[in-house]
Every structure is written in C-alpha cells, then in structure tokens.
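Subject: The structure you asked about

Hi,

Here is the structure I promised to pass on. Have a look at it first, then read my notes below.

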Amino acid sequence: MPVTWDLTSVVLKKSIDSYAKRNDLRFLDMGCGQVALLGQYFKQTHSLAIVTSVDLYEDIVACARENISRNGLDINVIESDLFGSVEGMYDVISFNPPYVSLSEQKPEKYPKIRYGGVKGTEIFESFLQTVPQYLNPNGIVLLGINCFYVPEKKCLKLIETYQCKLKTIVRQACNTSVVFVLHY
Ligand SMILES: C[S@@+](CC[C@H](N)C(=O)[O-])C[C@H]1O[C@@H](n2cnc3c(N)ncnc32)[C@H](O)[C@@H]1O
C-alpha cells in the first residue's frame, strides 16, 4: 500500500516540532501504520528519545518493524489494541486515529485503519479514557483529527467529557486536520 504523510500526520509532525522539543523524551505513537512514520520521524529528530510505535494489526506491525530496521533505527514496535499490551509511562503520546463513520464503510481488509465505529469517534474516545494512565506528570497528548469527518466542536465536547485539558490546537493553512494538544 502506498504511504505518504496524510493530512493529519503532517499536522502531527508540526505539533512535534513545536511542543516536543526536548531530545530525551519518551514518545509513544498509537496507531503507527505500516511505516511507523511519526515514530521514525521522532527518533531521527530526537536521537536520545525512547520511541515506541503501536498498532492493532499484525501485518502492519511486521511491515513497520521491517521499515524501521532498514532505516537502522532503534524503535520498540508493539502489536496492541490501544494500551492493552503497552507498559511504561510516556512524555508525549500521539494518535492519528481512524475517525470515519462506519456508515461510509467500503469492504477493506484492515477496516480500523479508517473506520472508527458507528459515530467515527469510538476508538479515540476509548483512547482518551485510558491515555492518562500512561502519561508522565507534565506529559502531553497529541490527538490528530480531520475535522471534515468529526467537527471540531464535537471533538472539543468529547475532550471535555474525558476531563482532558486543552493546551492548544495546532492548525495548518489549507488543511482540515488539526491536532489537539492535551494535558491532565
Ligand atoms: C489513520 S491511520 C494512521 C497511520 C499513521 N499513524 C499515519 O499517521 O499515517 C490509523 C492507524 O491506527 C491503527 N489502529 C486502529 N485501531 C487501533 C487500536 N485499537 N489499537 C491500535 N492501533 C489501532 C490502524 O491500524 C492504523 O494503522
């Protein structure tokens, strides 16, 4: 499958550049995809960081490991349903979740790359519920959402429901995706 920076991951990259500057951070990228794009970017720009990339699908995890190894990077890749198999605490946790409603579903081998349940928000709601347990004091969450699919107002309501504090919203010109920078 061809992979490139999508609209959301490119704003996540901008958020990392602005809000995760320290070199020795513990970084976890949830839903890393087959290239583990953000984990590889983080490790290449933060040589002292401890980086973990996580995905749900075995094939995607295998592909990410192969790609990382060809780039000679030291990144821990875990197959896990959200935090089910994750251990430890992190300073920065990012997620570009699947946020398209199942009502738009087309047959696909790996549906959760794109579809986030009936409303489109189920997977990132579960993430918001659990993520505080894995965050170091002063840690931040970078949640990237394409607001073409889930309107910004709806995201802000959910963020409030799960008692996260909004630090800022990162935007990019001509891009419907934003990143909610959260802390607890
Ligand atoms: C929109 S893609 C983002 C891929 C990549 N991070 C990027 O930015 O290009 C969403 C990713 O989340 C993964 N995912 C979906 N549900 C998950 C879950 N419950 N636990 C872990 N990963 C999940 C999918 O397999 C997919 O790789």
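Predicted model: local features only at pLDDT ≥ 70, side-chain atom pairs only at ≥ 80, totals over all residues.

Before anything else, a word on names: helices and strands here are DSSP runs, numbered from the N terminus, and a helix needs at least four residues.

**Around helix H4**

Is Gln129 buried or exposed? Exposed counts as over 50% relative accessible area, and Gln129 has 55% relative accessibility, so Gln129 counts as exposed. Along the sequence, Gln129 and Gln163 are 34 residues apart, yet their C-alpha atoms are 8.8 Å apart in space.

Other residues of H4, which runs over residues 122-130, are hidden away: Ile123, Phe124, Glu125, Phe127 and Leu128 are its buried ones. What covers them? The cover includes strands S1 (26-30), S4 (90-95), S5 (135-146) and S7 (177-183), along with helix H5 (152-161).

Thr121 sits in the loop between S4 and H4. Buried means under 20% relative accessible area, so Thr121 counts as buried at 1%. Leaving out neighbours within four places in sequence, Thr121 is in contact with Gly116, Val150, Lys154 and Leu158.

**Rings that meet**

How many aromatic pairs does a search of the whole structure find? The search finds eight. Phe83 and Phe127 form a stacked pair, 5.8 Å centre to centre with 20° between the planes. Phe83 is in the loop between strand S3 (76-79) and S4, while Phe127 is in helix H4, so this pair ties together parts that are 44 residues apart in sequence. Phe83 counts as buried because its relative accessibility is 4%, and Phe127 counts as buried because its value is 0%.

Phe127 also pairs with Phe95: the ring centres are 4.8 Å apart and the planes are at 50°, so this pair is tilted. Since Phe95 lies in strand S4 and Phe127 in helix H4, the pair ties together parts that are 32 residues apart in sequence. Phe95 is another residue that counts as buried, at 4% relative accessibility.

The charged end of Lys13 sits over the ring of Trp5, 5.9 Å from its centre. Likewise, the charged end of Arg26 sits over the ring of Tyr90, at 5.2 Å from the ring centre.

**Helices H1 and H2**

Now to another pair of elements. Two packed helices are described by the angle between their axes and the distance between the axes. The axes of helix H1 (residues 7-19) and helix H2 (residues 37-45) come within 11 Å and cross at roughly 25°. That makes H1 roughly parallel to H2. The crossing of H1 past H2 is right-handed. Which residues make the contact? From H1 they are Ser9, Leu12, Lys13, Ile16 and Asp17, and from H2 they are Leu37, Leu38, Tyr41 and Phe42.

In H2, the residues Leu38, Gly39, Gln40, Tyr41, Phe42 and Lys43 are buried. These buried residues pack against H1, S1, strand S2 (50-55), helix H3 (58-70) and S4.

You will find Ala20 in the loop between H1 and S1, and Ala20 is buried, with a relative accessible area of 1%. Not counting residues up to four places away in sequence, Ala20 touches Ser15, Leu25, Phe42, His46 and Val92. Take Phe42 from that list: Ala20 and Phe42 are 22 residues apart in sequence, and 9.2 Å apart in space from C-alpha to C-alpha.

Most residues other than glycine have a negative phi. Ala36 is not a glycine, yet its phi is positive, at about 50°. Ala36 is found in the loop between S1 and H2 and is buried, with a relative accessible area of 0%. Asn138 is not a glycine either, and has a positive phi of about 70°. Asn138 is found in strand S5 and is exposed, with a relative accessible area of 82%.

Cheers

How values were computed:
Residues numbered from 1 in each chain as written. Heavy atoms only, no water. Buried < 20%, exposed > 50% of the residue type's maximum accessible area, 1.4 Å probe, protein only. Helix = DSSP H or I, 4+ residues; strand = E, 2+ residues; numbered from the N terminus. Contact = heavy atoms within 4.5 Å. Phe/Tyr/Trp six-rings, centres within 6.5 Å; stacked < 30°, edge-to-face > 60°. Lys NZ or Arg CZ within 6 Å of the ring centre and 35° of its normal. Axes fitted to C-alpha atoms, helices over the stretch in contact; angles between N-to-C directions. Parallel < 35°, antiparallel > 145°, perpendicular 65-115°, else oblique. Left-handed = near helix turned anticlockwise from the far one by under 90°.
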